[in-house]
Amino acid sequence: MAAAGAARRAGWRLWRGRAVVRCQHYPPLRALQASAALRRVSDEHKKEPFTSSSQHQFDPHPAGHQPEQEPQGPHPSCTGQGGQESEDYESEEQLQRRILTAALEFVPEHGWTAEAIAEGAKTLGLSVAAAGMFHSDGSELILHFVSECNAKLSELLEKEQKLVQLGEAEKKPTDEFLRDAVEARLRMLIPYIEKWPQALSVLLLPRNIPSSLSLLTSMIDDIWHYAGDQSTDFNWYTRRAVLTGIYNTTELVMLQDSSPDFEDTWRFLENRVADAMNMSNTASQVQSTGEAVVQGLMGAAVTVSNVETLRPELLLSPPMLNASPVLEVRAPMDTWEVAPVPEPEQGDFLKLFQLTSVPFQEFIHFLVLSWTALCPCRGSFASSGVQNSPLCTQE
Amino acid sequence: MAAVAVAPAVRPSLGLRRCLRCGPGPRAVPAGGAAPRPCSTRAAPRGIDRPVIDRIIRVDHAGEYGANRIYAGQMAVLGRSSVGPVIQQMWDQEKDHLKKFNELMVAYRVRPTVLLPFWNVAGFVLGAGSALLGKKGAMACTVAVEESISDHYNNQIRTLMEEDPEKYKELLQVIKQFRDDEREHHDIGIEHDAEATPAYSVLKTAIQLGCKAAIFLSERI
C-alpha cells in the first residue's frame with residue numbers, strides 16, 4: 001500500500017517533472033526515485049512472468065532489463081552510456097512505452113482509460129499502480145498510439161519509395177499516392193474504431209492540442225515528402241493545409257461509416273482528393289486568366305496614352321501580333337504533379353511594361369473604331385475636339 | 001519495428017518535444033532553449049541540430065527570395081539605364097543563391113516562412129521605390145541590404161563554427177561563399193556612388209532596420 005502510494009506520488013512527480021523539463025537532462029533523482037519505487041513494487045509482488053512476458057514484446061531494450069531486475073543502487077552491469085542517470089532516463093521512457101503498447105490491446109474493451117493502462121501494466125508483470133504514472137484521461141495512451149501509427153506509416157512509405165527507386169514498382173500519380181497513404185493510415189484505426197471518438201475528444205483537450213497538432217502536421221508533412229513534394233514557396237502550406245483537411249474529414253466520415261470494409265469512406269476520400277486536384281487546376285487557370293486581363297488593361301492604358309500624344313504611326317500601322325507569352329493557353333497541368341516549380345523569371349511587372357505596346361492594340365483599335373462607328377463623331381460632339389482626332393473618320 | 005524502439009533521444013516520446021542538442025547558438029536560437037518542434041518521424045539526418053539548421057535555412061531562403069525581388073524591382077525601373085547591366089548581373093547571382101537554398105530546403109526538409117508572399121511584394125516595392133530615387137538611390141539600397149545580409153551570414157557562420165564545423169561543413173561552405181558574393185555586391189554599390197545619395201544615412205538605417213525585422217520574423221514564422 002505504502003509502496004503503491006509512493007509509486008503514485010513518484011509517478012505524479014515524474015509526470016510533472018517531465019512536462020516541465022524539455023531539453024535539459026532529466027533530473028536523475030526523480031528518475032531514480034520513480035524507477036526505484038516501481039522496482040520495489042514489482043519486487044513485492046514478485047511477478048515471475050515479468051521476464052517472460054517482456055519477451056513477448058519484440059525486445060531490443062537490453063539496457064532496460066538490467067535496472068528492472070536488480071535492486072536500486074549502483075548497477076554493476078551498467079552498460080555505462082553516460083552513467084546511471086541516462087540509463088534510467090532511457091528505461092523510464094522505454095518502460096512507459098512498453099506499458100502503453102501493452103495497454104493498447106485492452107483498449108477495445110476498456111476504452112482509452114487508466115483501466116486499459118492498468119491491464120497493460122499487469123500483462124508486463126507490474127503493479128496496477130503503474131497506471132498512476134499516467135493521466136487518468138488516457139492522453140498519453142492516445143498520443144502514444146498516434147505516434148506509433150505515424151511511425152508505421154513512415155516506414156510503409158519509406159519501403160514503397162525504396163521499391164520505386166529500385167525500379168521494382170511504378171511511381172504512383174500524386175492523387176493515387178495521397179489516397180493510398182491516407183487510407184493506409186486510417187486503416188490503422190480500424191481495430192479501435194469503436195472507441196476512437198473518445199480518443200478524438202481527448203486529443204482536442206487544450207492540454208493535448210500542441211502535441212496532437214504537431215503529430216498531425218508531421219504526419220501530413222511525411223506524406224507529402226514521400227509524395228515527392230518539393231515546393232519551397234507558399235504552395236508548401238497550401239498543400240499541407242488541404243491534405244490535413246482531407247484527412248480530418250475522412251477520419252470523421254470513417255467514424256460514422258457502417259459499410260462493409262468502410263467502402264463509403266474510401267470513396268469519399270477519392271472524391272475529396274479529386275476535388276483538391278481540380279481546385280489546383282482551377283487555381284492555375286484563374287491565375288493565367290488574371291494575368292492576361294492585367295496585361296490587357298496595361299496594353300489599353302498605354303495605347304490610350306499613345307492616342308493622347310497623337311502618335312499615329314503606332315495606331316495606323318497594323319501591329320505585329322506576337323504571341324504574348326502570358327496569353328499562351330497553359331495546358332491544364334496538374335500543378336500538384338510535383339514538377340519542379342519554375343523560378344520567378346524577369347519580374348511580371350517588367351514583362352508587362354515590355355509587352356504593353358503590342359498585343360492588345362488590335363483589340364483596342366477595334367474598340368475605338370466601333371466607338372467611332374457608333375456615334376460620337378456624328379454631330380453630338382461637334383463642339384469638342386474630337387473631330388480633329390485622326391480616328392474620327394466619319395462626319 | 002526496430003525503428004520504433006530507437007533511442008528516445010531521437011523518437012518523439014509521448015508527444016513531448018525532443019531536442020537533440022539545445023545548442024547555445026547566440027543569434028539563431030532564442031534564449032530559453034529551442035522552440036517546440038513538430039514531433040516528426042523523420043530520422044535525424046547525421047545527428048544535426050534540427051532547430052538551428054531549420055532556422056538558418058528558412059531565414060536564408062527568405063533573404064535570398066527577398067533580394068531577388070528587390071533586384072527585380074530595381075530592374076523594372078532602371079532596367080534600361082546605364083546601371084541596368086550591373087544590376088542584372090547582381091540579380092543573376094542572387095537567382096543562383098535562391099536556387100541553391102531551394103535545394104537545401106528540400107534536402108533538409110525545412111519549411112519555408114509563411115511570410116513569403118509578403119516578402120514578394122515588400123521586396124519589389126523596396127527595389128522599385130529605391131530605384132525611383134535614382135541610380136544612386138538604388139545603389140544605396142543595395143549597399144544597405146547587402147551589408148545587412150553579410151552581417152547576418154557572418155553571425156550564422158559563427159553559430160555553426162561554435163557548434164561543430166565538421167558536421168556542418170557543406171552548409172558552412174555555402175554560407176561563406178554567399179557571404180563573399182554579398183560583400184562583392186556591397187562593394188559594387190559603393191563603387192557606383194551609393195554614398196552620394198541624398199539622405200544616405202537615413203535611408204541606410206531605415207532599410208537595415210527593416211532587414212533586421214525581416215530576419216527576426218522569418219526565423220520564427
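Student: Which residues touch the most other members of the largest nonpolar core?

Tutor: This is a predicted model, in which local features need pLDDT of at least 70 and side-chain atom pairs count only at pLDDT 80 or more, while totals for chains, interfaces and linings use all residues. Side-chain values use heavy atoms, without hydrogens and water. A nonpolar core is a set of buried Ala, Val, Leu, Ile, Met, Phe, Trp, Tyr and Cys residues joined through side-chain atoms within 4.5 Å; buried means under 20% relative accessible area, exposed over 50% and partly exposed in between, with a 1.4 Å probe and protein chains only. In soluble globular proteins, nonpolar side chains tend to be buried together. Here the largest core has 59 residues, and Ile99(A), Trp112(A), Leu141(A) and Ile223(A) touch the most other members. Elements giving it two or more residues include helix H5 (83-103) and helix H13 (263-308) of chain A; helices are DSSP runs of H or I with at least four residues, strands are runs of E with at least two, and both are numbered from the N terminus. Another core, of 47 residues, lies apart from it and includes Ile70(B) and Tyr153(B).

Student: What does Ile99(A) contact beyond its neighbours within four places in sequence?

Tutor: Contact means heavy atoms within 4.5 Å. By that criterion, the partners of Ile99(A) include Ile117(A), Leu124(A), Met133(A) and Phe134(A).

Student: How many aromatic pairs does the structure hold?

Tutor: Rings of Phe, Tyr and Trp (its six-membered ring) pair if their centres lie within 6.5 Å; planes under 30 degrees apart count as stacked, over 60 as edge-to-face and the rest as tilted. There are nine such pairs over all chains. The ring centres of Phe145(A) and Tyr192(A) are 4.8 Å apart with planes at 65°, so this pair is edge-to-face. It joins helix H8 to the loop between H9 and H10 of chain A, across 47 residues. Phe145(A) is buried at 4% relative accessible area, and Tyr192(A) is buried at 14%.

Student: Which residues of chain B have a positive phi without being glycine?

Tutor: Most residues other than glycine have a negative phi. Among the exceptions are Asp193(B), with phi near 65°, and Ala199(B), with phi near 60°. Asp193(B) is partly exposed at 44% relative accessibility, whereas Ala199(B) is exposed at 52%.

Terms used
Residues are numbered from 1 along each chain as its sequence is written. Chains are lettered from A and ligands numbered from 1 in the order in which they are written.
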